[in-house]
Amino acid sequence: MRPIAIPKNILKYNKGRAELSPEISGIAERFNQLKSETPLISIIIPAYNEEENILKTLYSLSQTTTKHRIEVIVVNNNSADDTETLANACSVTCVNEKKQGITNARNAGLQIARGEYVINADADTIYPQGWIDDMVNPLIANQSVSLTYGKFSFVPIAGTPRLVYFFYEYISDFNRTICKLFKEEALNVYGFNSACRRLQCLSVDGFNHPPGTNEDGWLAIKLREKGYGQLHWVKFTRSIVWTTDRRIQIDGGLYKATYDRLVKNLKFNSFKKQD
């Protein structure tokens with residue numbers, strides 16, 4: 001069951017820089033307790049001008065209940081604001097990638113990651129406490145799983161009622177089920193909510209992808225076709241991540257974004273057949 005409203009445990013993180021700045025010392029202290037020189041899990045977060053969002057993401061990740069050794073890597077992709085300063089203040093690894101673009105940023109994080117497992121996140125997304133383990137456990141338990149991907153919900157920032165997104169998300173879940181059963185499951189994979197094995201990811205040229213496709217879904221296809229195993233959909237309600245709806249607003253609103261998604265599905269399947 002998807003939540004209609006944003007849960008209270010998520011709302012406490014859903015604040016801007018000014019409100020969350022007093023939490024920075026606590027975030028840093030928590031990450032100092034969690035991080036390790038020999039992490040099992042690397043969480044990679046590309047960031048471009050995210051000073052208003054990065055604290056909510058890091059604050060939520062700092063409250064994880066995982067017992068695994070972790071590292072958090074923020075890849076600052078030419079931000080002109082205080083993204084880098086805030087990431088450093090929170091005591092996570094922050095590296096700079098001068099070549100612009102999400103694919104370049106994700107690849108930069110992958111190159112320096114030390115964990116056996118890599119979790120892909122974003123700098124405008126809130127992560128529940130059990131998310132890390134729910135994403136990685138299927139990979140640990142089953143060598144025939146090459147990549148996991150999870151569910152997400154939207155935090156409205158531009159006036160669209162949360163109730164509208166509630167119904168939209170159920171329709172999207174139905175579409176993902178169709179993709180999984182009858183079409184191309186890789187279309188379900190989003191870079192802000194997926195995990196894989198680092199060495200396997202490196203062996204397929206990381207997040208590089210053909211023009212007209214996206215880095216996240218194409219990585220899933222490469223891993224599967226390399227023979228590393230199938231994809232695994234993490235469906236736990238407790239591990240739904242909450243991301244802003246700015247992607248939809250940038251795409252021109254909910255209806256246009258839905259149309260563009262359908263076009264993307266057709267293009268993705270076309271590229272896969274050609275490959």
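Predicted model: local features only at pLDDT ≥ 70, side-chain atom pairs only at ≥ 80, totals over all residues.
Reader: Thanks! With which residue does Arg2 form a salt bridge, and how far apart are the closest N and O atoms?

Author: Side chains of opposite charge can pair when their charged atoms come close. The rule here asks for a side-chain nitrogen of Lys or Arg within 4 Å of a carboxyl oxygen of Asp or Glu. Arg2 meets that rule with Glu169, where the closest N and O atoms are 3.5 Å apart. Arg2 lies in the segment before helix H1 (8–11) and Glu169 in helix H8, so this pair ties together parts that are 167 residues apart in sequence. Helices (H or I, at least four residues) and strands (E, at least two) are DSSP runs, numbered from the N terminus.

Reader: What about Arg2 and Asp173: how far apart are their closest N and O atoms?

Author: They are 2.7 Å apart, which makes a salt bridge.

Reader: Which residues are linked in a network of salt bridges?

Author: The network links Arg2, Lys151, Arg162, Glu169, Asp173 and Arg176. By the rule above, the count comes to 16 salt bridges. Another of them joins Arg17 and Asp82, with 3.0 Å between the closest N and O atoms. Arg17 lies in helix H2 (residues 17–20) and Asp82 in the loop between strand E2 (70–76) and helix H5 (83–89), 65 residues apart in sequence. Here the accessibility reads another way: Arg17 is partly exposed at 25%, and Asp82 is partly exposed at 30%.

Reader: How many disulfides are there?

Author: A disulfide is a pair of cysteine sulfur atoms within 2.5 Å. By this rule the count is 0. Take Cys90: the nearest cysteine sulfur, in Cys94, is 10 Å away. For Cys196, the closest cysteine sulfur is in Cys201 at 4.1 Å, which is too far for a bond. Cys90 is buried, with a relative accessible area of 0%, and Cys196 is buried, also at 0%.

Reader: How do I read a sheet: in what order do E5, E10 and E7 come?

Author: Two strands pair if DSSP finds at least two bridges between them. Here 3 strands form an open sheet in the order E5-E10-E7, with mixed pairing. Strand E5 (125–126) and strand E7 (152–155) are the edges, each pairing on one side only. E5 pairs with strand E10 (residues 241–244) in the antiparallel sense over 2 bridges, and Ile126 stands opposite Trp242 in E10.

Reader: Where does Ser239 lie?

Author: Ser239 lies in the loop between strand E9 (230–234) and E10. Ser239 is buried, with a relative accessible area of 4%.

Definitions and conventions: Residues numbered from 1 in each chain as written. Heavy atoms only, no water. Buried < 20%, exposed > 50% of the residue type's maximum accessible area, 1.4 Å probe, protein only.
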